[in-house]
Amino acid sequence: MGTLSRRGVESKVLLVVAIVIIIAILGGVGYLYVSSRGATVTTITTTVTSTSVTTKTVTALKTSVVTKTKVLETVRTKTVTKVLQRPIKVIDALGRSIEFKNVPKRIVCLAPSITELIFALGLGKYVVGVDSFSNYPPIVVNLVKNGRIAVVGSYWNPDVEKIVALKPDIVLASAGVSSHVALESKLEENGIKVVYLRADKARDLSDIIADIQLVAQIFRAEDNATKLVNKIVSGIQNIDNALRRHNATKVRVLVLLSPPAYGLWTTGSGTFINYLIAVAGGKNVFSDKYGWIKVSPEDIVSRNPQVIIITAMGVNATTAKQIIKDLLKIPGISEVEAVKKGRIYVLTGEADDMLTRPGPRVAKVALLLAKILHPEIFGEPHRDDVYSAKYLGLAVAT
Amino acid sequence: MDVRIVFLILSISCIALSILSLAYGSTGLEDPLYILSMSSSIALLRVLRTLTAILSGIMLALAGSLMQYSTRNYLADPFLLGLPNGALLAILLALLIFPYVPKSTLIIVAFIGASIAYVLTSTIASIAGMSVASLVLAGIAVSTFFSSASHIVLYLWISKKLGHAYILLLGSFAYTTKSDVETIAIVATLCVSLSFLLWKRLNALALGDDYCHQLGYDPRTTRLLAVTFAAIATSTVVAFVGVVSFLGLLAPNIARMLVGDEARKHLSVSALCGIALSLAADLFVRVISHASTLGELPVSIPMSLIGAPMLAYLVVTSRCRT
């Protein structure tokens, strides 16, 4: 600490610097205020389209012969039909009310399940931006590679500037992701409408259908939506019918959401996977718990699952073997029925994506699960992204 | 080093960084004058972001300086003493009860939280003898407690609409709106001017409580004022930007190395350092987002990358000194 004499007797220059800083701040904010008031900021304005069609119907020459005299009666009808596209008002998954005067033409999707939904409804040509996880339908990957669709950051961290630079009419975000919810005020400030879908928060078929209908309403794609919903519902009904026909008993299932080496994460009730297990004729062994949970080896052994499904990203035959070997290292696991019978499956690639992303492929993944749980009814799942302990030739604990 | 040279270098680097901050973003390079003409849709984003970074930089740096004067401790950073985490927990609880509370009201809530955290930290530290290390250790205890409580709240009520709170937990300059920046600017102007008015008192306080009395200032009032301004500045940043780590430690210590701790010199250099550091950290985040598909990272990541080694250095040098 300096000496007393030096303190307080320095030149006045430093005080001036302090004042300059303050003035700079005020100047900056003042500039912002003045310049944005000049309305030079590009805001996206929507105009009401009103086309007026004038139909002139001339009903001419109504002849009536009363006497020998010919009476010419002319009736002129004028019909004015005014076609006014009514603005569409929707309520999104967060309970916000959003009005669309026009059908949005530039879409940014912030979650893979949303991208999938938009393409399934035939709206893919309007997509200008997606998150980096979006990889389905496969054409998305090509469009991103060609630069036709931009990537606006990852699913967890979307980048505001990248979104705004695309000048979208609508941003479709997931209500279940906090960073998406946080974008709301920032995007609205730039005149961009955000609609939150249930997306990854969807827990069952009704949530997925609600999403489909919400999107269909905004884009006036009700016909495609009806077709899509019918296809999904009939797919799920077929599984249900087959299970009933064969009087199938419910299979106890454990789904591990990551390789066992990363911790035993699984799902309780109230999730999409829990719903899928029920549809495919199984019973989640942790359905008495709620949401995404971490469990102990003891929990697993005591609940004795008949089938164990492990989801993992980017797995090949070698790593799948390793994952199953890691699972078999868990103390007491050899007592579990799934291990005794060798009914352990590792799902990766598309199978993994479908299971973890509630979307239009719900019937397809339900059938895949049904094949895993009830091969006697639906046949074994022969896919190169599903590895089974049996086919990997692993010696299961005896 | 000559004060004038320090000012010159710092001012030039602040201006250069501001220009770069306007010109460069995750969508690539633009002419800064074109951005300032406000004719593109990303102009507003860049200008708001730059202003937010500058204002938060100033406020956090000054908060750090004021805390260090009032505790006479080089390690007294609001972040290390648990103020932002206290503020964050208060904001989270307020948002849970009143989900649509305006952000300007959150400043008051955050201030209450920050004050509670500071009172806890200083009480624990004074019981432990108020040494350099005890203050920081007490701060870590309080800070960890509040931050884990915040995590519990976020975890339990993840289904609620806590998007804003989530951003605050990580800290980012990208999400402030125009009205937010206006509010931050008002608070920042008040904080800066009022803390500069304290310079005589701060100088007296730096010499010790006895000298402070002799010079005619009550050390307790001075301390209370300094801590209050620091808490207001910190809670404003937390309410709008979120928890930004270590800036309040870095800026004042760099300032001390450059110009010593005469209050007027120190405060202005500290504020300039704060601006430069927060702009640089924000630019780092944008480079990452531009070069990869990772998207926005929290600004605390680059800040901690520089801040943590600085803390280690300060701990080592303070041990050598005693």
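**A helix pair and its chain**

Mentor: Happy to! Let's begin with the surface: the accessible surface of chain B comes to about 12,200 Å², and carbon and sulfur atoms account for 73% of that. Please keep in mind that this is a predicted model.

Now for the helix pair. Helix H3 of chain B spans residues 43-71, helix H9 of chain B spans residues 199-206, and their axes come within 8 Å of each other, crossing at roughly 45°. An angle under 35 degrees would count as roughly parallel, and one from 65 to 115 as roughly perpendicular; H3(B) and H9(B) are therefore oblique to each other. On the H3(B) side, the contact is made by Leu66(B), Tyr69(B) and Ser70(B), while H9(B) brings Leu202(B), Leu205(B) and Ala206(B). Sorted by class, this contact between H3(B) and H9(B) has five nonpolar residues, one polar residue and no charged ones.

Let's step back to the whole chain. Chain B has 14 helices and two strands. Its radius of gyration is 19 Å, close to the 20 Å that the globule rule gives for 322 residues, so chain B is as compact as a globular protein of that length. Along the principal axes, the C-alpha atoms of chain B fill a box of roughly 60 × 50 × 35 Å.

Inside the chain, 60% of the 322 residues of chain B are buried. Finally, take the contacts in chain B between residues at least 6 apart in sequence: 76% of them join residues at least 24 apart.

Key:
Residues numbered from 1 in each chain as written. Chains lettered and ligands numbered in written order. Predicted model: local features only at pLDDT ≥ 70, side-chain atom pairs only at ≥ 80, totals over all residues. Heavy atoms only, no water. Axes fitted to C-alpha atoms, helices over the stretch in contact; angles between N-to-C directions. Helix = DSSP H or I, 4+ residues; strand = E, 2+ residues; numbered from the N terminus. Parallel < 35°, antiparallel > 145°, perpendicular 65-115°, else oblique. Contact = heavy atoms within 4.5 Å. Nonpolar A, V, L, I, M, F, W, Y, C, P; charged D, E, K, R; others polar. Rg over C-alpha atoms; globule rule 2.2 N^0.38 Å. Buried < 20%, exposed > 50% of the residue type's maximum accessible area, 1.4 Å probe, protein only. Areas by Shrake-Rupley, 256 points an atom, 1.4 Å probe, with all protein chains shown as cover.
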